Amino acid sequence: MEYTLDIARQSPGGKPWRQTFLVEDSGESSVSTILDSISSQVSLDAEGEPAEPVVWECGCLQGKCGACAMRINGVPRLACSAFLREFPKRRILVEPLGKFPVIKDLAVDRSGMFESLKQAKLWLEGEAFNSKFRHDACYQSAMCLMCGCCLDVCPNFMPDEEFFGAALAVNAYRILEQSEAKSIALEYKKRYWHTCGKSLSCDKVCPAKLPVEELMARANAIAIWGK
Amino acid sequence: MSPIVVLGAGLAGLSAAIEAAENGYEVTVVSPKPSERAQSVMAEGGMNAALGEGDSPKRHFEDTIKAGRFLADPEAVMGMANAAPGIARRLRSLGTMFNIRGDEMDLRAFGGQKTRRTVFAQSSTGKQIMSAVIQEARKYEFKGLIRRLSRHALSGLLLSGNGCTGCEVQDVYTGESLSLAGSVIAALGGMNGLFNRYTGSQDNTGAATAILFQSGASLANGEFIQYHPTTAAIPGKRILISEAARSEGGRLFCLKNGKPFYFMEEKDPELKNLAPRDVITREMAFLGEQAYLDLTPISNDAFRTRLSGTLEDCLTYLRLDPRKKPIPVEPGIHYFMGGLLVDIRHQTNVPGLYAAGECCYQYHGANRLGGNSLLGAIYGGIIAARSAMADGCPTGRGKVAFVQETQPTQDRLAMQNAMSSGLGPIRDKAGLERLVNTLERLDKSVPLLAKAIAISALNRKESRGAHCRSDFPNENSEIKNSVASANGREVLFSAREAANYGVHA
Ligand SMILES: Cc1cc2nc3c(=O)[nH]c(=O)nc-3n(C[C@H](O)[C@H](O)[C@H](O)COP(=O)(O)OP(=O)(O)OC[C@H]3O[C@@H](n4cnc5c(N)ncnc54)[C@H](O)[C@@H]3O)c2cc1C
Ligand code: FES
């Protein structure tokens, strides 16, 4: 079957443009597999012109490292678990995540996310306090890929502002649960709770299928209501 | 206190960085991508530590040495086995969500070991450990002791007459280069990118290890490459079906006259489906039949609480429900037992350059036990950092020893294909000679590293652990560790003496 991929391209300092590629596939390949084959050889675009390799990030190709997050037909998700068969119209638009600065083509600079967890002081000062009743939720919290999909859909998240969105809330949860010191509750209020508008689009879009809403509710219960 | 540069931000790199930062050292951690993306997050089944009743570090030591077919360094392995229970407890206190039974960490049985010795967090142990370790490192980042360069790759090693005085790294997007002074700890992971299909991460290209090799660091036992018996091909890669699945009751079979033949249960009535990986892979290669992994005996509850990641992987990537149907599996490249030559202090043959984790050889001999590499990465990182702190950085003005070379895509594909066919689970002289010939035509640093592995495999005229030669089917106890070094474009090979390890076959 022939699929049409429209890929957003952009050089540092340049304007974004689109390049179309036609690919033959049974539908079983993921968008990563296609990007890999386009970028590891000299490929021709739909006009038959040789294309510069597409720049994008990937690592595990298995949904475990969060590197390959991008917008696919407008939805932020992992390219390595977006299979062509999911697109019956066989036309796929591939763009970089929209909330982060584009480095080149589909690669974006997500360093702000990592910086934000540091600013919010998300670590344990003492030994982790473990409760078997919270085990599952803490486990889920630690599965966060830091891919950025939740921030990409968030109506309130803007880079360089104080609000750090779901990525912060999800990760803060287990620290709140496991530490005696409640000082990070302050950071949590300031950097998450005051601004979250509860649109919960993050919950729907999380590629790791984390129970984002539940983790936020639990984090709120500790940080805000002191439970 | 001279600064320390850690190359790689996986478990070994972070372990080294935290150890040094805890002691007040300034550490720069260099990696092309942040820690959340390192292969360590992919580790599934668990980490070994003698915590069970009746178990002991001595028994952990013996199982490791025996599964490694007597090539691993006994003193180093004993150190690691002794440290393991403490490391597991420390990880738990850092917040790792290991599965718990009662108040203690639960243990699962893993391949090649007769005792339950593997702590685990469902089948996402690596991710859970990494989340805890990353957050511990974050504390030191905030304090300014750990600095991160998270889109940088090694581009050259700085050498003075006295050894390694630092390195040069490059922004992977802008190409801008930076010179970093200090002792260097390589924690670069395995050499996946020398092959075309593997279970691990594409980021571990082997390029940085190739720079170190060409700059004078030797490679030891490169021929020992673990083919994990239960992997499945998907477009672009292989996915692993964790050994944990067999630990929870999965059984391997192939069809014989239309009926399931549980070949491992026949071959090894004691360890059965949990025999060491090299043994199972060899058995599968010799049988030459399509093998299947039957997980249907596993309860839904065990899938939910102990194997949720494995279930998810099968449903998403294989489109197969392992609760209902056996999984077709075959051996695939999974781990590198060989790597940079280090001594028991994790120093390479270049003073001031240390190595830890999967990029160095040491703990696994000819075949690694499942659950020992997360452990080896953490323990090795700690030891490497301690040695770097104790030794201080060699003096003198370092100069870039060797400049990184980019490999044309065509050559990379040719190398990967040649390596994959020449260094399969079963090897022979003719195939290895063809491989060396092909690699000789590709003159860059990565193919030179590949050639070092091929030459080591050619020179090891025996079958031992993961290295199986159809033309030399027996173990030959006279053959010691193999060491390869670069001399310009040439590979120099030598065999080192193996000690008497005091554990018998
Ligand atoms: C699917 C899978 C399951 C596994 N399951 C288990 C298990 O259950 N138990 C177990 O013990 N082991 C397991 N392993 C093995 C284990 O995960 C690894 O051996 C271990 O995590 C290696 O850690 P590391 O820190 O040495 O390397 P890695 O985690 O691979 O880190 C390497 C680092 O080097 C960086 N790097 C790469 N190139 C460069 C460069 N040019 N310059 C600078 N930095 C660079 C990378 O970005 C990365 O940060 C598994 C492996 C796989 C693939
Ligand atoms: S490449 Fe790792 S999540 Fe897609």
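Axes here are lines fitted to C-alpha atoms, for helices over the stretch in contact, and angles run from 0 to 180 degrees between N-to-C directions. Helices are DSSP runs of H or I with at least four residues, strands are E runs with at least two, and both are numbered from the N terminus.

A bit of housekeeping: this is a predicted model, where local features need pLDDT of at least 70, side-chain atom pairs count only at pLDDT 80 or more, and totals for chains, interfaces and linings use all residues. Residues are numbered from 1 along each chain as written, chains are lettered from A and ligands numbered from 1 in the order written, and side-chain values use heavy atoms, leaving out hydrogens and water.

Next, click on ligand 1. How many residues surround ligand 1? There are 36 (each with a heavy atom within 4 Å), and S40(B), G45(B) and E358(B) are among the closest. Helix 11 of chain B, which you already have selected, gives the most to this shell, with three residues. Helix 1 (11–22), strand 9 (152–160) and strand 19 (327–336) of chain B are among the elements that each supply at least two.

Now zoom in on some polar contacts (pairs of N or O atoms within 3.5 Å):

- S40(B): a polar side-chain atom sits 2.5 Å from an oxygen atom of ligand 1.
- A9(B): a backbone N or O atom is 2.8 Å from a ligand 1 oxygen.
- E44(B): a polar backbone atom lies 3.0 Å from a nitrogen atom of ligand 1.

Taken alone, ligand 1 exposes 1,000 Å², and the protein buries 97% of that (Shrake-Rupley method, 1.4 Å probe).

Last stop, chain A: select helix 6 (residues 184–193) and helix 8 (residues 212–223), whose axes come within 10 Å and cross at roughly 130 degrees. That makes this pair oblique too.

Key: A polar contact is a pair of N or O atoms within 3.5 Å; within protein, one must be able to donate a hydrogen and the other to accept it, and residues adjacent in sequence count only if both atoms are side-chain atoms. Angles under 35 degrees count as roughly parallel, over 145 as roughly antiparallel, 65 to 115 as roughly perpendicular and the rest as oblique.
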